[in-house]
Amino acid sequence: MADSTDTCRIVHDETVPARAPWMHDVKAGQILKIIDLEGNQAVDFLLYSTGDDAERYSAQDTMTAQGNIFLKTGSVLLSNEGRPMMRIIASDVAYHDTIGGACSCESNTLRYGHHTKSQHACVDNFLDANSLAGRNKRDMVSNINWFMNVPVEEDGTLGIVDGISAPGLSVTLQALMDVTVVVSNCPQINNPCNGFNPTPVRMIVSE
Amino acid sequence: MTSSTANPYAARDHARAQGGTRVDTMPLLPPADADHLPAGVTPQDMIWAETVAGGGYTSKIVNRGARIELTDVDGDACASLLAFNAALPTERLNVADTAKIQWNGYLGKDRFILSDMGRVILSILEDEAGTHDIFSGASNAASNARKYGDGANYGTHPNARDRFRIAVAKYGLGVKDIHPCINFFKGVKIGTGGEMIPATGPFPMGRRLVLRAEMDLILIIANCPHVLDPRENYSVTPLRIRGWRGPVAPPSDAIRTGTPEGLRAFLNTEDYYAR
């Protein structure tokens with residue numbers, strides 16, 4: 001089993017347009033590299049077991065198992081059944097978020113005002129992709145936000161702040177079971193998670 | 001000697017003789033007759049009176065405006081909560097939005113709890129605990145098996161997620177509907193490096209929390225040891241619940257008007273009921 005994209009055969013290479021959803025199966029052992037092409041682009045990310053999508057990424061189980069809210073190199077992404085789904089085998093960015101959730105038309109009305117309700121949002125992307133695979137809103141759970149920076153202050157104050165990524169930086173994951181990856185290349189324009197400018201990201205699957 | 005349950009007549013008498021038994025952890029019906037009524041609450045307004053055993057679970061549909069008092073009777077309860085819109089359960093508690101919209105990850109008095117549809121579903125009217133947790137989620141079969149030797153529902157160390165699995169099934173809901181939960185009475189704070197710092201007690205007896213339902217809700221509560229509880233023994237004590245009817249938040253309500261985000265969350269809930 002390969003453990004580095006340098007020695008691997010690329011089986012899929014796709015650039016996800018700004019603001020778009022993406023769904024792709026990654027088999028156990030395969031490696032997914034997500035490249036933040038232009039820098040500070042939040043990549044909202046959900047995982048389902050390809051064999052049984054009732055098993056899916058669990059942010060709470062993942063954080064609890066590692067005793068830390070930040071996802072870093074070595075973090076294992078756990079399912080709601082407590083099973084390892086993917087492992088972060090490399091990251092150019094110090095840490096990634098999994099407490100901030102996905103933007104939605106509805107939550108945008110709270111954060112910014114009802115004038116933003118018609119703007120495209122990550123939950124709409126997740127539903128767009130998932131509905132093509134027979135999934136629906138019941139399948140929405142707390143997600144990962146690659147390249148998004150959500151610090152927590154001592155009094156619990158938290159928020160999406162300026163990113164710590166840069167053009168060309170990447171995060172690399174190895175699948176530990178057959179997984180279906182569902183991504184929203186975040187279209188948010190009201191906070192700094194995309195530098196106020198959504199941009200494309202590149203997805204490379206290798207084995 | 002003839003068994004007291006040898007024929008249907010005897011079995012019926014045997015079963016009926018058990019009626020009226022009182023134990024410490026049980027639902028009390030009608031709730032109007034319950035003890036420990038909160039100050040100022042009249043018996044006829046009571047809708048829920050129950051004490052949930054350590055390791056147990058319960059659920060109830062409550063209407064908008066209902067008040068729910070949770071009491072950590074002996075200082076070691078852990079009330080893990082799922083919440084659904086009773087009319088449309090695809091709408092449910094969203095812990096990420098609850099934190100993000102309030103710009104804070106710690107729950108307490110005057111904070112509110114959101115659904116995944118941008119609506120306020122619960123408000124925290126009173127909080128004597130200050131130790132709550134939106135981060136670490138429910139214990140599960142594997143985590144309980146690691147700590148206590150087993151974690152199954154039929155055993156002596158049930159886990160919160162499997163309690164949820166049974167509880168939601170009684171509303172026609174399934175594994176896919178078990179969303180990230182809130183743990184009341186057991187706390188987690190976040191350190192400067194992102195580390196999760198649990199506060200699992202035991203705490204002083206009798207700490208209270210009062211919630212107000214802002215929508216008609218299915219509430220699911222499991223009372224199992226917190227998943228980050230470091231103790232080797234299965235440590236959890238009863239949770240007392242008292243619920244009563246109450247008015248919906250008025251326009252001047254302090255939580256409704258306390259923040260611009262909260263006001264818009266209340267406006268969204270009010271809009272949902274504007275028909």
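**B:Pro202 occupies the loop between β9 (196-199) and β10 (207-213) of chain B.** The bond that joins B:Gly201 to B:Pro202 is a cis peptide bond, with omega about 10°. Helices (H or I, at least four residues) and strands (E, at least two) are DSSP runs numbered from the N terminus. The model is predicted: local features need pLDDT of at least 70 and side-chain atom pairs count only at pLDDT 80 or more, whereas totals for chains, interfaces and linings use all residues. Residues are numbered from 1 along each chain as its sequence is written, and chains are lettered from A and ligands numbered from 1 in the order in which they are written.

**The loop between α1 (8-16) and β1 (46-52) of chain B holds B:Pro30.** The peptide bond from B:Leu29 to B:Pro30 is cis, with omega near -10°. B:His36 lies in the loop between α1 and β1 of chain B. This residue is not a glycine, yet its phi is positive, near 55°. Most residues other than glycine have a negative phi, and most peptide bonds are trans. B:His36 counts as partly exposed because it has 13 C-beta neighbours inside 10 Å. (A residue is buried with 20 or more other C-beta atoms within 10 Å of its own, exposed with 12 or fewer, and partly exposed in between; C-beta atoms are placed from the backbone.)

**A:Asn40 has a positive phi of about 50°, although it is not a glycine.** The residue is found in the loop of chain A between β3 (31-36) and β4 (43-49). A:Asn40 counts as buried because 23 C-beta neighbours lie inside 10 Å.

**Helix α4 (residues 160-169) of chain B is mostly covered, with eight of its ten residues buried.** The buried residues of α4(B) are B:Ala160, B:Arg161, B:Asp162, B:Arg163, B:Phe164, B:Arg165, B:Ala167 and B:Val168. Their cover includes β2 (56-62), β4 (79-85), α3 (141-148) and β11 (217-223) of chain B.

**B:Leu81 and B:Leu82 have the most contacts inside the largest nonpolar core, a set of 124 residues.** Such a core consists of buried Ala, Val, Leu, Ile, Met, Phe, Trp, Tyr and Cys residues joined through C-beta atoms within 7 Å. The element that gives the most to this core is β11(B), with six residues. Apart from neighbours within four places in sequence, B:Leu82 is in contact (C-beta atoms, placed from the backbone, within 7 Å) with B:Leu93, B:Phe164, B:Val168, B:Ile178, B:His179, B:Cys181 and B:Ile220. In soluble globular proteins, nonpolar side chains tend to be buried together.

**At the interface, 33 residues of chain A are in contact with 35 residues of chain B.** On the side of chain A that touches chain B, the elements giving two or more residues are α1 (59-66) and α2 (105-111) of chain A. That side has twelve nonpolar, 15 polar and six charged residues. (Ala, Val, Leu, Ile, Met, Phe, Trp, Tyr, Cys and Pro count as nonpolar, Asp, Glu, Lys and Arg as charged, and the others, Gly among them, as polar.)

Key
Two residues are in contact if their C-beta atoms, placed from the backbone, lie within 7 Å.
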